[in-house]
Amino acid sequence: MVIQHVIMVLIGLVGSFFSGLLGIGGAIINFPLLLYVPEWLGFTSFTPKEVASISMLQVFFASLSGMISNRLSAKGGATLVHKKLVIQMGLSTLIGSLIGSISSLYLNSETINVVYGFLAVIAVIMMVVPARASSENTPVSQVTYNTLLAVISAFLVGTVSGIVGAGGAFILIPIMLTLLKIPTRITIASSLAIVFLSAVGGVIGKIAAGGIPLWPAVFAVIGSLLGAPLGAYLSRRLNVRMLRYALVVLIAVTAVKIWMDILI
């Protein structure tokens with residue numbers, strides 16, 4: 001039992017590290033880790049519904065921790081968070097995530113895996129589309145975007161992501177980079193706040209749906225709180241291009257694995 005708790009801590013730590021580093025909630029990593037690692041190591045495996053519930057709680061605390069760490073790191077300097085963008089997309093994802101989380105109660109495990117697989121593939125496709133590099137040095141106050149597109153896309157992503165227990169950042173980040181033309185560093189800083197609001201709706205929905213494995217979730221959250229600050233610290237010191245490539249590789253590997261299990 002102790003070893004299983006340690007494994008849950010490590011899974012949460014890995015996911016939250018990438019959460020702070022790349023502005024994601026960690027679900028893109030934690031979903032397959034929670035689904036496969038316990039079984040590979042001989043422990044009782046989790047169902048996709050249980051994985052979605054644990055993952056959503058992890059996303060909530062990881063994004064909160066990463067957001068606070070980014071805020072502390074930026075102390076004394078200009079903030080990279082676009083407040084208007086966060087409010088508009090955050091509230092839209094919150095509502096969508098709440099709807100998706102509750103609706104997952106009526107979906108079977110295979111459907112949840114398929115939804116996750118499609119999300120991962122879409123994210124990979126969008127991330128390989130080059131962003132407009134000329135906007136990278138634009139100050140937060142001068143960043144403009146299509147408000148309607150931002151709100152609608154955030155709601156749709158929140159709804160689908162809520163089904164699999166994700167905050168939706170692994171889809172929202174490509175949308176913000178390629179469609180809304182938001183500079184990379186502003187996207188990463190703002191996405192953590194957006195994911196946090198999305199996770200609020202998702203957690204409420206998962207609690208309402210029931211079936212959350214309490215202790216595994218608790219230890220995954222502990223790991224999340226340890227990894228996110230380190231990732232956030234490194235994110236402010238790495239090259240923008242490196243961050244983008246890291247996210248592409250991360251999502252691509254996950255997409256290949258999940259679809260191999262679905263199709264084979």
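This is a predicted model: local features need pLDDT of at least 70, side-chain atom pairs count only at pLDDT 80 or more; totals for chains, interfaces and linings use all residues.

Biologist: Which share of the 264 residues in the protein chain is buried?

Modeller: A residue counts as buried when its relative accessible area is under 20%. The protein chain exposes about 11,400 Å², and carbon and sulfur atoms supply 73% of that area. Of the 264 residues, the buried share is 54%.

Biologist: Among contacts between residues at least 6 apart in sequence, what percentage join residues at least 24 apart?

Modeller: Contact here means heavy atoms within 4.5 Å. Among contacts in the protein chain between residues at least 6 apart, those joining residues at least 24 apart make up 88%.

Biologist: How far apart are the end C-alpha atoms of helix α2, and why does that agree with its number of residues?

Modeller: Helix α2 covers residues 27-40, which is 14 residues. At 1.5 Å a residue, α2 should span 20 Å, so the spacing found for its end C-alpha atoms agrees. That spacing is 19 Å.

Biologist: Where does α2 bend?

Modeller: The bend in α2 is about 35 degrees. A residue with positive phi, near 90 degrees, follows the helix, and this is G42. The bend itself is at L33.

Biologist: How many of the 14 residues of α2 are buried?

Modeller: α2 is mostly covered. Its buried residues include A27, I28, I29, N30 and F31. Also among them are P32, L34, L35, Y36, V37 and P38. The number of buried residues in α2 is 11.

Biologist: How many aromatic pairs does the structure hold, and what geometry do F60 and F61 have?

Modeller: The structure holds 5 aromatic pairs. One of them joins F60 and F61, with 4.9 Å centre to centre and 85 degrees between the planes. Planes over 60 degrees apart count as edge-to-face, so the pair of F60 and F61 is edge-to-face.

Biologist: Is F61 buried or partly exposed?

Modeller: F60 has a relative accessible area of 19% and is therefore buried. For F61 the relative accessibility is 30%, so F61 counts as partly exposed.

Biologist: Which parts does the pair of F60 and F196 tie together?

Modeller: F60 and F196 form a tilted pair, 5.2 Å centre to centre with 35 degrees between the planes. Both residues are buried, and ring pairs link F60, F61 and F196 into a cluster. F60 and F196 are 136 residues apart in sequence, so the pair ties together helix α3 (residues 48-73) and helix α8 (residues 184-209).

Biologist: How far apart are the end C-alpha atoms of α9, and what span should its 22 residues have?

Modeller: At 1.5 Å a residue, the 22 residues of α9 should span 32 Å. The distance agrees with this, because the end C-alpha atoms of α9 are apart by 31 Å.

Terms used: Residues are numbered from 1 along each chain as its sequence is written. Side-chain values use heavy atoms; hydrogens and water are left out. Buried means under 20% relative accessible area, exposed over 50%, partly exposed in between (1.4 Å probe, protein chains only). Accessible areas come from the Shrake-Rupley method with a 1.4 Å probe; for residues, only the protein chains shown count as cover. Helices (H or I, at least four residues) and strands (E, at least two) are DSSP runs, numbered from the N terminus. The expected span of a helix is 1.5 Å times one less than its number of residues. The bend at a residue is the angle between axes fitted to the seven residues ending there and the seven starting there. Rings of Phe, Tyr and Trp (its six-membered ring) pair if their centres lie within 6.5 Å; planes under 30 degrees apart count as stacked, over 60 as edge-to-face and the rest as tilted.
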